[in-house]
Every structure is written in structure tokens, then in C-alpha cells.
Amino acid sequence: MKIKCILIDDDPLALKVLQNYFVNFPEFEVVSTFNNAIEALEYINTKPIDVVFTDINMPMMTGLEL
């Protein structure tokens, strides 16, 4: 069974790097990516997620507030 995760970062390049990184780990499935924590929170409330990888410093809502 794969570990379902989401990636959250306000920097599009950082998101792309993280996505490419997880290609090397077949036990992880990146089910979605987000540019901000508010959109991610809406998704988390409706879908089963095992792990969240988030940037700490983001506008609107920080990774710690999430």
C-alpha cells in the first residue's frame, strides 16, 4: 500500500523539485500539490491523506498554522 501525500509550497520551482524527488520513492504517492495552505486544508478535509509536506513560511496561512 502506498503512502498518500500532498505537497504544499508557494514557490512553483520548489514544488516541482519535491515532485521530482518523490519519483525515487515508489512507496509514496503524491496525490496533489498546492500553492497555499488554505487550498490544501480544503482538500485535506475531504480526502484521506497520510502525510503532508509543507513549507513553513507562506502567505495567508503558514505551514505551522495549517
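Two strands count as paired when DSSP finds at least two bridges between them. Keep that in mind for the views below, which come from a predicted model.

**View 1. Strand β1 pairs with strand β3.** Here you're looking at β1 (residues 3-8) alongside β3 (residues 51-54). Four bridges join these two strands, and they run parallel.

View 2. β2 covers residues 28-34, and six bridges join it to β1. This pair runs parallel too. Look for Ile3: its bridge partner in β2 is Phe28.

View 3. Follow the chain through β1, α1 and β2, and you've traced a β-α-β unit. Its hand is right-handed. The helix in this unit, α1, takes in residues 12-22.

**View 4. Leu15 is tucked away in helix α1.** Leu15 sits in α1 and counts as buried because its relative accessible area is 5%, under the 20% cut-off. Leaving out residues up to four places away in sequence, Leu15 touches Leu7, Ile8, Asp9, Thr33, Phe34 and Asn35. Glu42 is another story: 27 residues separate it from Leu15 in sequence, and the two C-alpha atoms are 19 Å apart.

**View 5. How confident is the prediction?** The mean pLDDT of the protein is 94, and 100% of its residues reach 70 or more. Strand β1 has the highest confidence, at 97, while helix α2 (residues 37-44) has the lowest, at a mean of 94.

Key. Residues are numbered from 1 along each chain as its sequence is written. This is a predicted model: local features need pLDDT of at least 70, side-chain atom pairs count only at pLDDT 80 or more; totals for chains, interfaces and linings use all residues. Side-chain values use heavy atoms; hydrogens and water are left out. Buried means under 20% relative accessible area, exposed over 50%, partly exposed in between (1.4 Å probe, protein chains only). Contact means heavy atoms within 4.5 Å. pLDDT is the predictor's confidence in each residue, from 0 to 100. A crossover is right-handed if, with the strands pointing away from the viewer, the path from the first strand over the helix to the second runs clockwise.
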